[in-house]
Amino acid sequence: MRPAPSSTALTAVLAIGALTLMTACDAGADDASPADGTDSDGVVADDASVSIGMFAVPANLDFTTTGGAAIFEALLYNVYEGLVRVDSQGELQPLLAESWEISDDGLEYTFQLREGVTFHDGTEFDAEIVKFSLERLDEWSANTPEDLSAIDSVEVVDDHEVTVVLSEPDYDALFWLAGPLGTMFSPDSVDSLATEANGTGPFEFVTYENAVRMEFARHDEYWGEPAGTATVELVYYEDASAAANAIRTGGVDAILRSEAYDQLESLEAEDDVDVLVGSTQGVVVMSMNPDHEALAQPAVREALQHAIDRESVLAAATAGYGEILGGPTVPTDPYFVDFSTTYEHDPELAREKLDSAGVEDLSLTFTVPNRAYAEASAQVIQDNLNEVGIEVTLQTQEFPAVWVEENMVDQNFDLTLVNHVEPRNMANYAHADYYWGYDSPEAQNLFAEAASATDDDEYVATMQELTEQIVADTPGVWLYNAPNVVLSTEGISGLPENDLGVGIDLSDVTVAE
Amino acid sequence: MLLHVIRRLGVFVLTVMVASVVVFFLLGVLPGDPARAQLGLQASEEQVQALRQQLGADRPLPVRYLEWVTGFFSGDMGLSYASRTPVAPQVLDALQVSLLLVLGGICVAVLIALPLGILSAVRHHRPDGALFSGLSQLGISVPNFLAGLLLIAVFAVALGWLPSGGWSPPAAGVDFLRHLALPALALGLVNGAILARYTRAAVLEVMREDFMRTARAKGLTPGRTLIRHGLRNALVPVVTVTSIEFANLIIGAVVIETVFVIPGLGSTLIRAVANRDLIMIQSIVMCVVILVLVVNLLVDLVRPVIDPRLRSTR
């Protein structure tokens, strides 16, 4: 045995260990210094940066072929723009179109385009771009291009005037044009949509580090009001608590759509964090499969409506933030009617309705997506239904992969629940083959009637009549409108309070000096 | 010795081949449709079918396996279903992050385990030895995600010394260490406690050996005896256990990366599973398998270097 090398090796190990320890201590000491500015943001208003925590992670940048709201909510209104936009109150406003006229038969939309608009790569925006972008909807495979299937042709009148011709009237066409489907693309950019974004918006796209962060910089030649901050960084989180910790520790300046409900009370108590609660497009609805023998009976479905205590569901799912719903519309819909008191929590009445339908020993399987809100809601509902004598077996399924396959594609469920976040999602009640199986010719007629409306009042009145019809037919138990919880640190303002299911406009965000 | 190396390398190559088959076919039967996952809730069956074709997900499994495996070992792992960009750079970036995290974790573990293990062995009859031993027992029973949450609560939220999450590349210097400190600590604490138990047992055993008594009899002090003769012998099982711990740390990193929002293999894998990004999942799992096999191979090759007795037995 030769001891010498071993003691050398040991000394080396100990030396490395000691060095590491010292470095670690060093780093700790450094961190205590308030002057360390690595995580801090600029504070001078005009050249300020803001970093915003977000949750839905974009898989890539191409929302024409990748589903989900994550991509377009980041890019639309910031990098990309369309002819029109929806403002924070849900009203339609001009964007790349200065004005528009709709023909009396509701079939021709003529837009006057803004002049002097260019894409970030210098391409000029004109009527040909509008024609190119809208005709390209045929190539979209995600984000429901069929919402604009009424578009028959796009006719270029001159460089700055374009007419969109519909094959049948569609009152919602302008709303869909204000969303991702109405995005204007430069023809040279469409081959690289997954990795680059070239739009006409107030911010230029800088970078996207997959699932980590996205960065925008103010576009200095923007045609409109310049963006309020020089750069915007979107930081992506999978976990609500991790994001809440980040805002407490200065890791981000704001968080949109926070679901750290259990921490909101303590965050509200903090001096330098503001908590703002707005609304989303999200309708959390429990669907009842009409192919199930008992659930096919209206009386049984009404019994379930009365059996469920929505207040308790809301308390469990979101700690009480958000609005209780009794119908398929949300407060920012132009035709919203409050049905929250239509089906009051009344277990006695629920039992009577079950008796009247002659249903005994009902046992149901409840397939639940593995999301915190859904699991919390389902447990309350399970208790509520047990109370009126319905046995419920909960079955958690991975969301979206397994849940979508089982419930939406194969329609293999008795009860299921999900937060429908797509805007104007009431339109799904028009499709008899949609997973919740609502097949009502009266409702379908009313949908058609609303689509062919020629003015706001007529449209709103028909949609309200339609909502009433759907609520009375009770294909689902509408539970609540998911809240949009916006957290921000002191000095940050202009964050959009309501999430309207289109782009999240960050151009008005400013940082106080 | 040379024969031993050749034989170990042969086993390594064979294991990698078998692992690639298992990884590909096992993950291929994951429920959920990759095309449906890309297109979202509202996509029609026709749109899904078209994408399935475009992704080549409708071709027979053996064909896809051959394409994947030849691509994988030539460095071209194909295009991610989700990001539509090459898989290889994404996996390599994430791998680099995870390796740094795991190395940090190992440093913490070794720094805890060696002093704690040695002290609790040397002083095992005394109260402080029992205390060290108890501490390591306590450490083993704390899951690393909980350690992570507690560290965040104390050092990030309450004291504000370190960031609560995120990552900086090594080029960022101090900022890199700031971001590495808490996750490496969370990862290393538990494994350090486990390793300390092994170190304690190994040192205790070696202290009872005849050659230790002989060394003492020749006039060496207890400290010198331990350092010169004891630790070298005790190190063999400790190195072996450290290599096994390495695999544990990689798995632990999956959780820690989520807690600390670190863009490593673990968080990339979890997202890939959610997106049913099959090519990405298979490539990441394969990388982890190879990594663990490489570490085992290295330990097998290094052990005879530490312990000459192992050389003669081969």
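**Ground rules**

I number residues from 1 along each chain as its sequence is written, with chains lettered from A and ligands numbered from 1 in the order in which they are written. Since the model is predicted, local features need pLDDT of at least 70 and side-chain atom pairs count only at pLDDT 80 or more, while totals for chains, interfaces and linings use all residues; side-chain values use heavy atoms, with hydrogens and water left out.

**Entry 1: chain B overall**

I began with the elements of chain B and got 13 helices and 0 strands. Helices (H or I, at least four residues) and strands (E, at least two) are DSSP runs, numbered from the N terminus. I then took the extents: the C-alpha trace of chain B spans about 85 × 55 × 35 Å along its principal axes. Of the 314 residues in chain B, 47% are buried. My classes are buried under 20% relative accessible area, exposed over 50%, and partly exposed in between (1.4 Å probe, protein chains only).

From UniProt I noted "domain: ABC transmembrane type-1" at residues 95-299 of chain B, in an unreviewed entry. That span is 83% helix and 0% strand, and its end C-alpha atoms lie 21 Å apart.

**Entry 2: the chain A record**

For chain A, UniProt has "domain: Solute-binding protein family" at residues 91-420, again from an unreviewed entry. UniProt positions are in the numbering used here, feature names are shortened, and annotations may be inferred rather than shown by experiment. I get 26% helix and 27% strand over residues 91-420 of chain A, with the end C-alpha atoms 21 Å apart.

**Entry 3: salt bridges**

My rule is a side-chain nitrogen of Lys or Arg within 4 Å of a carboxyl oxygen of Asp or Glu. The count comes to 23 salt bridges over all chains.

I looked up Glu73(A) and found it bridged to Arg257(A), with the closest N and O atoms 2.8 Å apart. This pair links distant parts of the chain, 184 residues apart: Glu73(A) sits in helix α2 (residues 70-75) and Arg257(A) in the loop between β11 (254-255) and α6 (261-269). Glu73(A) counts as buried because its relative accessibility is 5%, and Arg257(A) counts as partly exposed because its value is 23%.

Next came Asp505(A) and Arg85(A), a salt bridge at 2.8 Å, N to O. Asp505(A) lies in the loop between β18 (492-493) and β19 (510-511) and Arg85(A) in strand β2, so the pair ties together parts 420 residues apart in sequence. Both Asp505(A) and Arg85(A) are buried.

Which salt bridge crosses between chains, from Glu398(A)? I found Glu398(A) meeting Arg276(B) at 2.6 Å, N to O. Glu398(A) is in the loop between β15 (391-397) and α11 (401-409) of chain A, and Arg276(B) is in the loop between α11 (265-275) and α12 (278-306) of chain B. Glu398(A) is partly exposed at 25% relative accessibility, whereas Arg276(B) is buried at 1%.

I also logged a network of salt bridges linking Glu209(A), Arg213(A), Glu215(A) and Glu233(A).

**Entry 4: surface patches**

Patches are made of residues with over 30% relative accessible area and no salt bridge; like charges are joined within 9 Å, and nonpolar side chains (Val, Leu, Ile, Met, Phe, Trp, Tyr) within 5 Å. Areas come from the Shrake-Rupley method with a 1.4 Å probe, and for residues only the protein chains shown count as cover. Asp and Glu count as negative, Lys and Arg as positive, and His and the chain ends are not counted. A charge is placed at NZ of Lys, CZ of Arg, CG of Asp or CD of Glu.

The negative patch I found holds Glu91(A), Glu449(A), Asp455(A), Asp456(A), Asp457(A), Glu458(A), Glu465(A) and Glu468(A). Helix α13 (residues 456-473) of chain A gives the most to this patch, with 5 residues. Glu91(A) is in the loop between β2 (84-86) and β3 (92-94), and is partly exposed at 49%.

On chain B I noted a nonpolar patch of Phe145(B), Leu146(B), Leu149(B), Leu150(B) and Val255(B), with about 400 Å² of accessible area together. Helix α7 (residues 144-158) of chain B supplies the largest share, 4 residues. Phe145(B) lies in that helix and is partly exposed at 39%.

**Entry 5: a covered helix**

How many of the 10 residues of helix α7 (298-307) of chain A are buried? I count 7, so on the buried cut-off the helix is mostly covered. Among them are Val300(A), Arg301(A) and His306(A).
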